[in-house]
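Dear colleague,

Please find below the structure that I am handing over to you.

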Amino acid sequence: MELIYTVNPGIEDIAAEEIKAELGGNVEYSRLSGHIYHKLEYNVSWEAIYRLRSINRAFLLMWKGLIGKKHEDLLKLKNEIIEGLKDIHYYVTPYTTFAVDTERVGEHEFTSIDVSRLVGELVIRIVESKTGRKPVVNLRTPNVIVHVFVKDNKIYIGVSLTGPWSMHRRGYRIYDHPAALKPTLAYAMLTISGTRDKDIIVDPMCGGGTIPIEAALIHEDAHIFGYDQNPRHIRGAKMNAYAAGVYKRVFFGVWDATRLNEVIDNVDHIVSNPPYGIRYGDPSSIRKLYNKFLEASYKALREGGHLTIITTEYNYVYKIAKRAGFKIIHERVVYHGSLYPRIMVLEK
Ligand SMILES: C[S@@+](CC[C@H](N)C(=O)[O-])C[C@H]1O[C@@H](n2cnc3c(N)ncnc32)[C@H](O)[C@@H]1O
């Protein structure tokens with residue numbers, strides 16, 4: 001069985017580790033591509049795939065091949081694609097709607113739309129030749145997504161196993177915080193920070209509670225706290241935790257992150273998504289917040305504890321981390337909300 005997954009760009013390695021640990025097999029990916037290729041010697045159930053916490057979508061690979069950069073290179077692949085997709089009528093039928101969605105990385109003369117159009121035409125042709133009827137295209141709410149990934153000279157085509165919704169939509173988000181973090185990134189931050197059962201895990205600026213909720217979904221037996229200075233967000237976070245079934249395992253409270261050490265100490269992991277300057281307005285107030293937040297976090301952490309943050313203010317964090325007593329032990333770029341923030345791990 002061969003699968004492809006889409007993931008949030010920047011966390012391919014975390015997702016690859018989770019896929020290998022949960023499902024076995026071999027994985028291949030390149031950094032920031034947002035895709036993972038997975039080969040198994042056996043079949044896995046979609047329930048097992050649904051349990052993964054770091055992926056957006058999973059696709060059953062129907063065909064993979066090589067592609068050139070020119071327009072005619074795409075057209076030359078017609079017969080190979082028809083042969084590769086000869087069983088597509090088991091998934092796309094005259095009674096299901098479908099859409100082709102293409103992601104392209106690298107330099108090519110053709111666009112993603114050219115690829116989607118060609119593959120869409122071929123899918124219609126194959127289904128009609130096998131069943132006598134054409135399937136219906138529905139770009140907004142298709143029953144089946146045919147996904148094409150073109151990365152430089154490689155092309156992969158698969159059908160979706162995870163439905164039309166990305167799995168980063170967990171279903172527990174009743175309260176939608178205006179700057180909510182993707183749960184897949186929250187999972188990645190917790191993994192990078194190295195959280196374990198029994199640990200004290202705190203998000204002092206938790207908004208709608210994404211990080212504490214994901215922590216509670218991974219760790220049955222950790223001590224998890226979520227604070228925010230805005231009572232409306234804390235009310236929302238409690239509603240989300242209730243919907244996620246972890247209400248009793250997370251303590252939520254209204255508190256100022258710059259005074260975190262006054263409510264808690266001996267913390268193993270502070271994992272947080274503080275406001276970004278871009279969205280905050282005045283640069284001097286965001287700097288003041290970051291300074292005080294780092295100082296309070298240092299005091300609240302145990303020796304060797306981690307402060308793991310996602311931020312666009314990484315240059316400023318570089319500047320102040322050492323002064324606050326921290327050592328930066330990990331740093332990576334991820335893609336989130338049309339921005340390229342960094343996940344940074346600071347060790348006490
Ligand atoms: C980017 S949002 C966090 C979003 C959250 N990760 C989620 O998924 O919903 C940043 C949060 O920090 C909170 N905040 C800002 N300054 C704070 C402070 N001094 N103390 C506590 N919370 C603060 C804001 O109210 C906001 O909810």
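**Findings**

Apart from neighbours within four places in sequence, H89 is in contact with V127, K130 and T131. Please bear in mind throughout that this is a predicted model.

Where in the chain does H89 lie? H89 belongs to the loop that runs between α4 (78-84) and β5 (97-105). Is this residue buried or exposed? The relative accessibility of H89 is 14%, and the limit for a buried residue is under 20%, so H89 counts as buried. The side chain of H89 also reaches a backbone atom: the oxygen of K86, at 3.2 Å.

The second topic is the ligand. The ligand sits in the largest pocket, and 19 residues surround it. Which of these are the closest? They are H177, G208, T210, D228 and A257.

- T210: a polar atom of the side chain lies 2.5 Å from an oxygen atom of the ligand.
- L181: here a backbone N or O atom is placed 2.8 Å from an oxygen atom of the ligand.
- D256: a polar side-chain atom lies 2.9 Å from a nitrogen atom of the ligand.

How much of the ligand does the protein bury? Taken alone, the ligand exposes 610 Å², and the protein buries 92% of that area.

Yours sincerely,
A colleague

Definitions and conventions
Residues are numbered from 1 along each chain as its sequence is written. This is a predicted model: local features need pLDDT of at least 70, side-chain atom pairs count only at pLDDT 80 or more; totals for chains, interfaces and linings use all residues. Side-chain values use heavy atoms; hydrogens and water are left out. Helices (H or I, at least four residues) and strands (E, at least two) are DSSP runs, numbered from the N terminus. Buried means under 20% relative accessible area, exposed over 50%, partly exposed in between (1.4 Å probe, protein chains only). A polar contact is a pair of N or O atoms within 3.5 Å; within protein, one must be able to donate a hydrogen and the other to accept it, and residues adjacent in sequence count only if both atoms are side-chain atoms. Contact means heavy atoms within 4.5 Å. A residue is near a molecule or strand if one of its heavy atoms lies within 4 Å of it. Accessible areas come from the Shrake-Rupley method with a 1.4 Å probe; for residues, only the protein chains shown count as cover. On a 1 Å grid over the protein atoms alone, a cavity is a set of points where a 1.4 Å probe fits but cannot get out, and a pocket is an open set with protein on both sides within 12 Å along at least five of seven lines; lining residues have an atom within 4 Å of a point. A molecule sits in a cavity or pocket if more than half of its atoms lie within 2 Å of its grid points.
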